Amino acid sequence: MNRPTLKQIQEMVDTDLAIDRTELEAESARSPQIHNKYLRLYTETRNILHSLRLEKSRVKKLKWLYYNGKLSQEELESKGLEPFQHKVLKTDLATFFDADDDLQKLDAKILMNQEVEKYLQIVLSQISNRQWTIRNMIEWLKFTNGVN
């Protein structure tokens, strides 16, 4: 199963967090399942972020070896790389890392997953507050109907 995108998660949240005012008891009972759904997504996102950060460290090491000319011909061939023809100064390595396509792709994946993580943190907080909202709605209905 494919992991949902941020947009798909946002659409799911729009549906899942909507409260049916005529079914407050059922909505209250649904809250733990909704929380679990988004907690799983949050945990999965955190695990993916951890894996991406580890992958970035491995790729960065490979690129360091590559830009410093320390990869053997066999290693270059196995990675599908051509020999790097320039001498890179230590002070210039950060520039090469910043411009490297593989590292940029990993950075983009990390950034996107960080955004999903932040969004899910907020959603989990809203789900926790959902019970208070439902309780307040019930209290308001009691008040407007003259029930103590």
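Is glycine 80 buried or exposed? Glycine 80 is exposed, because its relative accessible area is 64%, where exposed means over 50%, buried under 20% and partly exposed in between, computed with a 1.4 Å probe on protein chains only. This is a predicted model, in which local features need pLDDT of at least 70 and side-chain atom pairs count only at pLDDT 80 or more, while totals for chains, interfaces and linings use all residues. Residues are numbered from 1 along each chain as its sequence is written, and side-chain values use heavy atoms, with hydrogens and water left out.

Glycine 80 sits in the loop that runs between α3 (73-79) and α4 (93-99). From C-alpha to C-alpha, glycine 80 and lysine 90 are 24 Å apart in space, although they are ten residues apart in sequence. Helices here are DSSP runs of H or I with at least four residues, numbered from the N terminus.

**How the helices pack**

| Helix pair | Axes | Angle |
|---|---|---|
| α2 and α5 | within 8 Å | roughly 165° |
| α1 and α5 | within 11 Å | roughly 5° |
| α1 and α2 | 12 Å apart | about 170° |

The angle between α1 and α5 makes these helices roughly parallel to each other, a term for angles under 35 degrees, whereas angles over 145 count as roughly antiparallel. On the α1 side, their contact (heavy atoms within 4.5 Å) is made by Leu6, Ile9, Gln10, Val13 and Asp16, and on the α5 side by Met112, Val116, Tyr119, Leu120, Val123 and Arg130. By class, that contact of α1 with α5 has eight nonpolar, one polar and two charged residues, where Ala, Val, Leu, Ile, Met, Phe, Trp, Tyr, Cys and Pro count as nonpolar, Asp, Glu, Lys and Arg as charged, and the others, Gly among them, as polar.

For α1 and α2, the axes cross at about 170°, which makes α1 roughly antiparallel to α2. Here Ile9, Met12, Val13 and Asp16 in α1 meet Arg30, Ile34, Lys37, Tyr38 and Leu41 in α2, and the residues of this contact divide into six nonpolar, no polar and three charged.

Helices α2 (residues 24-67) and α5 (residues 101-144) cross at roughly 165°, so α2 is roughly antiparallel to α5. Their contact has 22 nonpolar, nine polar and 13 charged residues.

Glutamate 27 belongs to α2 and counts as buried, because its relative accessibility is 8%. A polar atom of its side chain lies 3.3 Å from the backbone nitrogen of aspartate 20. Apart from neighbours within four places in sequence, glutamate 27 is in contact with Ala18, Ile19, Asp20, Arg130, Gln131 and Ile134.

Asparagine 113, in helix α5, also counts as buried, with 8% relative accessibility. A polar atom of its side chain lies 2.9 Å from the backbone oxygen of lysine 109, and beyond its neighbours within four places in sequence, asparagine 113 is in contact with Arg3, Thr45, Ile48, Leu49 and Leu52.

The side chain of threonine 144 reaches the backbone oxygen of leucine 141 at 3.1 Å.

Conventions: Helices (H or I, at least four residues) and strands (E, at least two) are DSSP runs, numbered from the N terminus. A polar contact is a pair of N or O atoms within 3.5 Å; within protein, one must be able to donate a hydrogen and the other to accept it, and residues adjacent in sequence count only if both atoms are side-chain atoms. Axes are lines fitted to C-alpha atoms, for helices over the stretch in contact, and angles run from 0 to 180 degrees between N-to-C directions. Angles under 35 degrees count as roughly parallel, over 145 as roughly antiparallel, 65 to 115 as roughly perpendicular and the rest as oblique.
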